[in-house]
Amino acid sequence: MNRGNHTVTHFILVGFTTDPVMQLVLFGVFLGVYSVTVVGNTTLIVLICNDFRLHTPMYFFIGNLAFLDLWYSSVYTPKILVTCISEDKSISFAGCVAQFFFSAGLAYSECFLLAAMAYDRYVAISKPLLYSQVMSIKLCAFLVAASYLGGFINSVIGTKRTFALEFCGDNIIDDFFCDFLPLVKIACGRKDGFQAAVVFLLTSNVIAPTLFILATYLFIIVIISRIRSTQGRLKALSTCSSHLTSVTLYYGSILYTYTRPRSSYSLDRDKITSIFYTVVFPMLNPMIYSLRNKDVKEALHKLLK
């Protein structure tokens, strides 16, 4: 990648606090969250691979979501842990580029994957008898592959546009990772074309999937409203509850961070929001998809026995 007129060779990640005691506390918190994330998502993947009852399209997508969350969290958390206990808060220019590229690619891929999962729920409710035929393994694999491809193609665009900016003075990033807003804030020179790139990336990776999911659930609501029995309606809704919870938490935090007016930006507040969808959310997903899921509980019980 052409580094243009960069004179900055590394960045300093400020993180959350400079207080040594609080840094140790945060180290313990993040280590605990990351441990739960790794154990939870790995267990979910093993259960789905190991139990034939979970070899369905819905669990195929959940397994891929668990893999994405495991990878996504690993892009950030190890560096956060090092920053908390080390006096060296620096990250090399190449390391910042790599972290930005993988974090953006995985975040965009998850947006597309959640949209594919919404379509899966629509087929399951609208065509229950033909569900396995419509959501064939070929279609499921295609949707997952397309999610990764779309996510990382857009990540290439975003990474190239971001690091085409000039970084010739300030190298202190007031955040815990290399992200759009803090990097743009410290960049020098003209930033005219960058705003258009951000709008394009948000529209294609976040807003478009959000609109697709909303449209899908409108169709699902119409179908459910036609079910005569209350028990049937509740059963249909229960199959979507986990996905709806996941979508609301993930898209809500991203939209809140990146679609607000510039005048309302607050880096301190945005740090908390960012830590939710980058570190906390990957820990919550296995719980969301398993705590109320009878099949997953039975598969875990079988594995433990």
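Predicted model: local features only at pLDDT ≥ 70, side-chain atom pairs only at ≥ 80, totals over all residues.
User: How many cavities of 30 Å³ or more does a search of the whole structure find?

Analyst: Rolling a probe the size of a water molecule over the atoms shows where empty space is left. Here the search turns up 3 cavities (sets of points on a 1 Å grid over the protein atoms alone where a 1.4 Å probe fits but cannot get out; lining residues have an atom within 4 Å of a point). The largest has a volume of about 220 Å³, and among its 18 lining residues, Ala107, Tyr108, Asp179, Phe180 and Tyr258 are the closest to its centre.

User: Which helix gives the most to that lining?

Analyst: Helix 3, with 5 residues (helices are DSSP runs of H or I, at least four residues, numbered from the N terminus).

User: And what lines the second largest cavity?

Analyst: Its lining includes Val14, Gln23, Ile80, Lys89 and Phe176, around about 90 Å³ of space. Helix 2 gives the most here, with 3 residues.

User: Is Met22 buried, exposed or partly exposed, and where does it sit?

Analyst: Met22 lies in helix 1, residues 20-50. Met22 counts as partly exposed because its relative accessibility is 38% (buried is under 20%, exposed over 50%, partly exposed in between, with a 1.4 Å probe and protein chains only).

Definitions and conventions:
Residues numbered from 1 in each chain as written. Heavy atoms only, no water. Helix = DSSP H or I, 4+ residues; strand = E, 2+ residues; numbered from the N terminus. 1 Å grid on protein atoms, 1.4 Å probe; cavity = no way out; pocket = protein on both sides within 12 Å on 5 of 7 lines; lining within 4 Å. Points joined across faces, edges and corners; volume = space filled by probe spheres on them.
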